[in-house]
Amino acid sequence: MPESHAGRLLDHIHLRVRDLEASKRFYASVLEPLGLGITGEGDGWFSMDELFVSTDGTPTKGLHLAFQARDRGTVDRFHDAAIAAGWRDNGAPGEREYHPGYYAAYVLDPDGTNVEAVHHGPAERSADSVVFTWESP
């Protein structure tokens, strides 16, 4: 299998939604099991690391978001949290045929975006994340 990198292709994804509060509840509930939470918010928007969500335009359609999970149990907890919060199932946790060890689950956000948690199997990470800091002007 070729080498794969994460964290160097995308700076952020801007998702436009109809109902900011419903979307905030959705993403907070499904990403908490992944160890993620809201990192910023303001009038008409919120962010969770590279995901920026706002109501400043026509809702995004047809997008698929896949979030990394540390292990299969985290994928299971992601799916369980979504279902317990009343969100729509779009594929129960299980192995997929994309490559050996690909274990994922899918749920739909309030606007129909297909949101996935995936664990690719055993791998060694060079770092948990890239951290940026800025000095105030």
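Mentor: The strands (E, at least two residues) and helices (H or I, at least four) are themselves DSSP runs, numbered from the N terminus. You are looking at a predicted model, where local features need pLDDT of at least 70, side-chain atom pairs count only at pLDDT 80 or more, and totals for chains, interfaces and linings use all residues. Residues are numbered from 1 along each chain as its sequence is written, and side-chain values use heavy atoms, with hydrogens and water left out.

Trainee: Thanks! Which residue in β7 is the bridge partner of Arg-88?

Mentor: Strands of a sheet pair through backbone hydrogen bonds, either parallel or antiparallel. Here β6 and β7 pair in the antiparallel sense, with five bridges between them. In β7, the partner of Arg-88 is Leu-108.

Trainee: And in the sheet with β5, β8, β7 and β6, what does the twist average from one strand to the next?

Mentor: This open sheet has four strands in the order β5-β8-β7-β6, with mixed pairing. β5 and β6 are the edge strands, each pairing on one side only. From one strand to the next, the twist averages 15 degrees.

Trainee: α1 packs on that sheet too, so to speak; what angle does its direction make with that of β7?

Mentor: α1 touches β5, β7 and β8, where contact means heavy atoms within 4.5 Å. Axes are lines fitted to C-alpha atoms, for helices over the stretch in contact, and angles run from 0 to 180 degrees between N-to-C directions. On that scale, the angle of α1 to β7 is about 160 degrees.

Trainee: Which residue in β8 is the bridge partner of Phe-67?

Mentor: β5 and β8 pair in the parallel sense over five bridges. Buried means under 20% relative accessible area, exposed over 50%, and partly exposed in between (1.4 Å probe, protein chains only). The β8 partner of Phe-67 is Ala-117.

Trainee: Asn-114 makes a polar contact with the side chain of which residue?

Mentor: Asn-114 lies in strand β8 (residues 114-119) and counts as buried, because its relative accessibility is 16%. A polar contact is a pair of N or O atoms within 3.5 Å; within protein, one must be able to donate a hydrogen and the other to accept it, and residues adjacent in sequence count only if both atoms are side-chain atoms. Leaving out residues up to four places away in sequence, Asn-114 touches several others, including Asn-90, Tyr-106 and Val-107. At 3.1 Å, its side-chain polar contact is with His-64.

Trainee: How far apart in space are Tyr-102 and His-120, C-alpha to C-alpha?

Mentor: Tyr-102 sits in the loop between β6 (88-95) and β7 (103-108), and it counts as buried because its relative accessibility is 10%. Beyond its neighbours within four places in sequence, its contacts include Gly-94, Glu-116 and His-120. Tyr-102 and His-120 are 18 residues apart in sequence, yet their C-alpha distance is 4.6 Å.

Trainee: Now the other sheet: in β4, which residue is the bridge partner of Phe-46?

Mentor: Four strands form this open sheet in the order β1-β4-β3-β2, again with mixed pairing. Its edge strands are β1 (13-16) and β2 (40-42), each pairing on one side only. Strands β3 (residues 45-48) and β4 (residues 51-54) run antiparallel and are joined by four bridges. Phe-46 has as its β4 partner Val-53.

Trainee: How many residues of α1 are buried?

Mentor: Helix α1 (residues 20-31) lies across β1, β2, β3 and β4, at about 10 degrees to β3. The buried residues of α1 include Leu-20, Phe-26, Tyr-27 and Val-30. Of the 12 residues in this mostly covered helix, the number buried is nine.

Notes
Two strands pair if DSSP finds at least two bridges between them.
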